[in-house]
Amino acid sequence: MKSVDEHGKTDIKSLSFDELSEAVISAGEPRYRAGQIYKWLHVKFASSFSEMTNLPLRLRILLDDKFFVTVLTPLRTEVSELDGTVKYLFRLPDGNCVESVLMHYHHGDSVCISSQVGCHMGCRFCASTIGGLIRNLTPAEMLDQVYRISIQNGGRISNVVVMGTGEPLDNYESLVSFIRGLSDEHGLHISQRNITVSTCGIVPNMRKLASEGLAVTLALSLHASNQAKRSSLMPVALRYPLDEVMDACDYYFKETGRRITFEYALISGVNDTDQDAAELTALLKGRNCHMNLIPVNPVRERNFVRPDREAAFAFQHKLERGGINATIRREMGRDIDGACGQLRRRFEEG
Ligand code: SAH
């Protein structure tokens, strides 16, 4: 996954270990140097070649001539007083901004990263899509969200979810490089089983991902139990209808053995009625899956309302009575809330 800047320099942090090894060897250097450089970038999180003090000066100069190191700058952090959740706003090298979140769970610390600047999927309830898509993130820009947070968090990160701004399967090549980079044994070596990719249902790329030989969890943003309602909430459903999306989920499970997580933002009066629960139960029956119910985050520019706690529990129980494994997602950082993408929007609006 090569990307080159205006000076003809290559984005070294986006290179896989093999690509870096090839580059090192073709520059006439011994192969073991690739291991050293990769470690500086992906384990020690070096931000420049001058820090790589176990490399000869000559090589550091050569690297600086041919490559650049992508580093994100934290612009703002907001820390929840309730549960320690931290929202980060990062500046990318070109001045664009993205959001990431660190959450502390019993099973470990989890980072939620963005995959694009903005998004063009147009989901009606989502803040990230309001300004449209600006651009895709590079693998390095996705990795560095995890790396910067890892530094601030003392190196303890066990899970990574690609659930921030953007549609990861709309930035497919970068996503796959990112997953391979994050799980590489020469790098942070985060288990692929602890990585989750959330999609609004880009069917061809769900199928492609199933065949990559990766062990990541796929989360499908469902949000409605029939095609008509789903396409009124998620324009992407007009292109990839619900039955094709469900077939792609089944295929992903068949190919990878990984149980699908379904996400469902509960919106009062829109998708939380008895009929919705019944239809959803029928849709998911017999599927090895998990249903994550998320009371919708109110977005300033939208007028969707979340059901109250009792109504959310009632919906969950209806699913469970129908044999569907469902949980209501624990809300993290309620006091620093603002749905995904809102920190960036607040910042950019000044
Ligand atoms: N584009 C991907 C991943 C980013 S969104 C996707 O669609 O899955 C991550 C999750 O947050 C998705 O399930 C998305 O539908 C959900 N989401 C977006 N806005 C939300 C809101 N206001 N309240 C609750 N969930 C929301």
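**Ground rules.** I am working with a predicted model, where local features need pLDDT of at least 70, side-chain atom pairs count only at pLDDT 80 or more, and totals for chains, interfaces and linings use all residues. Residues are numbered from 1 along each chain as its sequence is written, and side-chain values use heavy atoms, with hydrogens and water left out.

**Ligand shell.** I found 18 residues around the ligand, and Phe-125, Ser-198, Ser-221, His-223 and Asn-297 come nearest (near means a heavy atom within 4 Å). I sorted the shell by class and got 9 nonpolar, 7 polar and 2 charged residues; Gly counts as polar here, and Tyr and Cys as nonpolar. Strand 10 (195-199) and strand 12 (260-266) each give the shell at least two residues, strands being DSSP runs (E) of at least two residues.

**Polar contacts.** I looked for pairs of N or O atoms within 3.5 Å. A ligand nitrogen lies 2.9 Å from a side-chain N or O atom of Glu-167. For Glu-263, a side-chain N or O atom is 3.4 Å from a ligand oxygen. At Asn-297, a polar backbone atom is 2.9 Å from a ligand nitrogen. The protein buries 95% of the 520 Å² that the ligand exposes when taken alone (Shrake-Rupley method, 1.4 Å probe).

**Domains.** An automatic or database assignment sets the bounds: domain 1 is 10-68 and domain 2 is 73-336. Their C-alpha centres are 33 Å apart. I noted 9 residues of domain 1 in contact with 14 of domain 2 (heavy atoms within 4.5 Å).

Definitions and conventions
Polar contact = N/O pair within 3.5 Å; in protein donor to acceptor, adjacent residues only side chain to side chain. Helix = DSSP H or I, 4+ residues; strand = E, 2+ residues; numbered from the N terminus.
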